[in-house]
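Visitor: Could you take me through this fold one question at a time, with the cut-offs stated as we go?

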Amino acid sequence: MGSARQHDVRVRRATGMSGSQLWALDEVAHADGVTVNELAARLALHQTTASNLINALAARRLIRRVRDRRDQRVVHLHVTAEGTRLLGRSPRPG
């Protein structure tokens, strides 16, 4: 657990966000167009918790939400250019 905490501290210093927010951003980057429910499953989180992470990332303009054309209830997530830049300079686990 100590190394996980140390990594979270490094992430916060380098990016200004929590390790869980960075993890969510990284998952969206690797699964472009992922839905909120799919992201929650990938992160093993409740949908509400994933939505809170998404809200924080969207507020920082690191991801953007796009409604599905066929079903407006479905939202697809995409990393913005700023999100990609942040991922490129963020510390990796280890």
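Guide: We begin with a helix position and the conventions. Ala56 has its place in helix α4 (residues 47-59), where helices (H or I, at least four residues) and strands (E, at least two) are DSSP runs numbered from the N terminus. This is a predicted model, in which local features need pLDDT of at least 70 and side-chain atom pairs count only at pLDDT 80 or more, while totals for chains, interfaces and linings use all residues. Residues are numbered from 1 along each chain as its sequence is written, and side-chain values use heavy atoms, with hydrogens and water left out.

Visitor: Why is Ala56 classed as partly exposed?

Guide: Buried means under 20% relative accessible area and exposed over 50%, with partly exposed in between (1.4 Å probe, protein chains only). Ala56 falls in the middle class because its relative accessible area is 24%.

Visitor: Which strands are the edge strands of the sheet?

Guide: Two strands pair if DSSP finds at least two bridges between them. Strand β1 (residues 34-35) is joined to β3 by two antiparallel bridges, and strand β2 (residues 63-67) pairs with β3, also antiparallel, over five bridges. The three strands form an open sheet in the order β1-β3-β2, and those that pair on one side only, hence the edge strands, are β1 and β2.

Visitor: What angle does the direction of α2 make with that of β3?

Guide: Axes are lines fitted to C-alpha atoms, for helices over the stretch in contact, and angles run from 0 to 180 degrees between N-to-C directions. Helix α2 (residues 19-30) packs on the sheet and touches β1, β2 and β3, contact meaning heavy atoms within 4.5 Å, and the angle between α2 and β3 is about 100 degrees.

Visitor: How many residues does the largest nonpolar core have?

Guide: A nonpolar core is a set of buried Ala, Val, Leu, Ile, Met, Phe, Trp, Tyr and Cys residues joined through side-chain atoms within 4.5 Å. Those with the most contacts inside the largest one include Leu25, Val28 and Leu57, and its size is 22 residues.

Terms used
Expected span 1.5 Å × (residues − 1).
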